[in-house]
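Please keep the sequence and the structure in view while reading.

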Amino acid sequence: MSGAKLVEKGNIIIATILLLFIVACCVLASWISNDNYTPKRVSNSASVTEMNRNPLYDLVLTENDQYIIYGKKSDDGLKAFVCLNKQSMRQKSIDIKSGDKDHNQVCLYNKSIIYVKPTKNGKQYDIYSCNIDGNKEKVIEKNVYSNITIVDDWLYCTNLKKGLIRTSLNSGKKQVVNKYLCNDYIGMNSEKGEIYFDSFINDYNFVGIKINSRRLALFLRSSIKEFSFLDSLKRDIDEGILDHNYTYTKVIGIDKGDIWFYGINAQNGNIEICKAMKKDGKWETTKVIRNPYIKFDFGVAFEKEKVYYTSSDKTEIHMYDTRTEKDVTIYKNYGKCYGVYSASGDNLIIKEWDVDSKGELIDNNNSKHYYINNSGKVLYELD
């Protein structure tokens, strides 16, 4: 065989290999892009996550279909939880030391309690798990931030060097989701397969992580997009498009791409609950609920297409249906003041205070926490 033919044959082989490689890459890319995983279940709602992590709340709670795990916060963290069996109504103490005065993140996964403890240097946290009796404690992750979230069977947390990571609570497999430093969980869109977190970098932005299990299995990163609708609001205000200016805003929930938030109206000082919708590439904002009672980051919660909030006089708990736009009073007790702490499923955690002769709340040892349904029925007293 002549040299020319050998060269020609070699070229054919190389071309064939390249073609097969290109086809394989296209098949692999198609397989990855057609990932059918969509996040469905979250262990704690966004408002429960906020309640657990925020030092201004004095209660921490997590639950599933069988149990409610809750405890009172203290300056040096939780020293014990109470486990309430929803079926038998029996309560028992669980002796677990967790959290600190700043963060007490806790989640319930099947019959395991997942919680954080500060590291020895006090700057970051280690994540632990134990059984429902408080035994068989083990370390899941070390040296991370306290912002833990469980979605389906995965524990999400943020590592300073790696970014957002997740750990399988079944196999223990660990994956880097994205290098971006995410803060606290604020919502999820199952239809788009996205999980939303506060931005660690910008207090007025948040990020959406498109979870692609096939990419992660191949050590590739999930895509991320950053939302900065608050910057858009400020720009619209500067240009005279909007007639109100929010000096402080906070996202309380995300529902099918609409963003629910509250802020202080700079023109009249009122706190308003608003909805932001993206239309033709721009954010449009509607004022929905005017002047509710919101103080110290509590007084409002968003869950399952419902906004729960405290009336401006602090005597009533309201439920606003985002679909029907119906607003109803679900809880009231004369001579008492109330605040919405968080919402979990169709239920709420509220706090009750005594009032003085002027109707102002008295923050004393007589305050109580109630777990109620959204019809106003008290299911459990958490004290």
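Are Y115 and Y128 buried or exposed? In this predicted model, both Y115 and Y128 are buried.

## Aromatic pairs overall

The structure contains seven aromatic pairs. One of them joins Y115 and Y128, whose ring centres are 6.2 Å apart and whose planes meet at 15 degrees, so the pair is classed as stacked, given that planes under 30 degrees apart count as stacked. Because Y115 belongs to strand β6 (residues 112–118) and Y128 to strand β7 (residues 125–131), this pair ties together parts that are 13 residues apart in sequence.

## The pair of Y185 and F197

The rings of Y185 and F197 have centres 6.4 Å apart, with planes at 75 degrees, so this pair is edge-to-face, the cut-off for that class being over 60 degrees. Distant parts of the chain are linked by this pair, since Y185 lies in strand β13 (residues 182–189) and F197 in strand β14 (residues 194–199), 12 residues apart.

Y185 counts as buried at 6% relative accessibility, and F197 is likewise buried, with a relative accessible area of 1%.

## An aromatic cluster

Elsewhere among the rings, W260, F302 and Y320 form one aromatic cluster.

## Charges over rings

Y128, the stacking partner of Y115, also has K117 lying over the face of its ring, at 4.6 Å from the ring centre. A further arrangement of this kind involves R166, whose charged end sits over the ring of W154, 3.6 Å from its centre.

Methods:
Residues are numbered from 1 along each chain as its sequence is written. This is a predicted model: local features need pLDDT of at least 70, side-chain atom pairs count only at pLDDT 80 or more; totals for chains, interfaces and linings use all residues. Side-chain values use heavy atoms; hydrogens and water are left out. Rings of Phe, Tyr and Trp (its six-membered ring) pair if their centres lie within 6.5 Å; planes under 30 degrees apart count as stacked, over 60 as edge-to-face and the rest as tilted. Helices (H or I, at least four residues) and strands (E, at least two) are DSSP runs, numbered from the N terminus. Buried means under 20% relative accessible area, exposed over 50%, partly exposed in between (1.4 Å probe, protein chains only). A charge sits over a ring if NZ of Lys or CZ of Arg is within 6 Å of the ring centre and within 35 degrees of the ring normal.
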